[in-house]
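Here is a note for a colleague who is meeting this structure for the first time. Please keep the model open beside the text while reading the numbered points.

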Amino acid sequence: MTLVEINFDGLVGPSHNYAGLSLGNLAATAHAGEVSYPKAAALQGLAKMRGNMEMGLAQGFFLPLPRPNRRFLDQIAADVQTDHALIAAAWSASSMWTANAATISPAPDTRDGRCHLTAANLVTMAHRFQEWPDTARQLRLAFADEHYFAVHAIVPACFGDEGAANHMRMCLSHGEPGLEIFVYGKPGGRFPARQHEQASRIVARSHGLDPDKVLFVEQNPDAIAAGAFHNDVVAVANERVLFTHELAFADPEGTYAAIREKLPEAEIVVVPASSVSLAEAIRTYLFNAQLLTLPTGEMALIIPTEAHESPAVRTWLDAMLAGNGPIRRVIPVDVKQSMANGGGPACLRLRVVADPDRVDSRFLLTPSTAEMIAAVVEQWWPAQIDPAALGSAALEQDVVRARLRLLEALNLAELA
Ligand code: SUG
């Protein structure tokens, strides 16, 4: 059995829009009410996936969830004339950010030697709380083989859980046992702390992790107040490398020391605030990068173009590349449509370390599937959506049909 890291990106759904639903997510609130471009958004996401696949990396995807969500609309009894935010919530394409779909503990880390997945409850935001039943359904389909995978129900909804966006795994190589680092926030600040410490602890226990190979780390309250609503906005890890802003954690030195104690080979690359301020890190999403080990063994950082175009970030990255550090390549990608809602390259993917042969192959990207997806998106995805049109019957018909066409093309109509 060959364990590799598979990145499962969320395909951007046909109802992608800017409704300003996420308090504390500065990009999303800044773009509230703007016209969105679902077709361009989906093609940008697909281009990122193809780029990674062409570098020889395993690439998977998850399907957009059914929107507008009829079940949710029935539950909330919203009035289309007056309850705009609730209607927008039911139309949200937020499942594209699969870093929030679930938390994953790969087989080498768990007591029973299976890969454990817990769907995130996402209770803090109404538009995201509706995701988990359909997400769990999709996870159960993609990872159906119970000999290798255990898909858990959400943790009790009294404890907010935002999935892998607040979870990092460090190890010598993906297939070896790892150190799992859970990052939580403490409530009481300017913005909601979405990840509850108890949720992280419940996930760690139910995945059967060795308590010696787990860390629970508090996120810096100043980072949440500055707009880092998930830890993956200010830090990312891959194998033995942690790439982090100096203000990511409440106790940075204590965190680094605890990591080094458990993984002496850890390399911690810290970007000081004097080089890239917290505000610039959050504006550009430098850390919402995919830190990937290429088949050559080199590590590459897939950053959004917004980061690449920032003089402060660029100066720091150029110095990093000129030095002797573990990150050897920087690759910018254009995911501007997602970025405007606060979702960078790392938000758009869920990492699962597994044997691709054990995963339902309908969720794995190949060059021909990519072409098929692109053709469906080109033909059926709306070119643009004005948020004022959310709730309209004509638009509903378009987005429902578009998603069904995709499910049919991928032989996944059972998810309808
Ligand atoms: O939950 N944006 C998402 C962005 C999620 C980013 N994910 C990670 N950091 N891993 C969120 O805030 C905005 C939707 C709107 O306002 O229309 C939104 O849900």
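**Notes on the model**

1. Leu 86 counts as partly exposed, because its relative accessibility is 34%, where buried means under 20% relative accessible area, exposed means over 50%, and partly exposed lies in between (1.4 Å probe, protein chains only). Leu 86 sits in helix H4 (residues 84-91), and helices (H or I, at least four residues) and strands (E, at least two) are DSSP runs numbered from the N terminus. Leaving aside neighbours within four places in sequence, Leu 86 is in contact with Phe 72, Ile 76 and Ala 78, contact meaning heavy atoms within 4.5 Å.

2. This is a predicted model, in which local features need pLDDT of at least 70 and side-chain atom pairs count only at pLDDT 80 or more, while totals for chains, interfaces and linings use all residues. Residues are numbered from 1 along each chain as its sequence is written, and side-chain values use heavy atoms, with hydrogens and water left out.

3. Some backbone details deserve a look. Arg 67 and Pro 68 are joined by a cis peptide bond with omega about -5°, and Pro 68 is placed in the loop between strand E2 (58-62) and helix H3 (70-76). Ala 77, in the loop between H3 and H4, has a positive phi of about 50° although it is not a glycine, and Ala 77 is exposed, with a relative accessible area of 62%. Tyr 285, which is not a glycine either, has a positive phi of about 60°, but Tyr 285 is buried at a relative accessible area of 4%.

4. An open sheet of 3 strands runs in the order E9-E10-E11, with mixed pairing, two strands being paired if DSSP finds at least two bridges between them. Strand E9 (235-238) and strand E11 (267-271) stand at the edges with a single partner strand each, so one side of each has no neighbour in the sheet. E9 pairs with strand E10 (residues 241-245) in the antiparallel sense over 4 bridges, and Asn 238 stands opposite Val 241 in E10.

5. The ligand is surrounded by 20 residues, the closest being Leu 21, Ser 22, His 127, Asp 232 and Cys 347; a residue counts as near if one of its heavy atoms lies within 4 Å. An oxygen atom of the ligand lies 2.6 Å from a backbone N or O atom of Leu 21, and a polar side-chain atom of Ser 22 is 2.8 Å from an oxygen atom of the ligand.

How values were computed: Polar contact = N/O pair within 3.5 Å; in protein donor to acceptor, adjacent residues only side chain to side chain.
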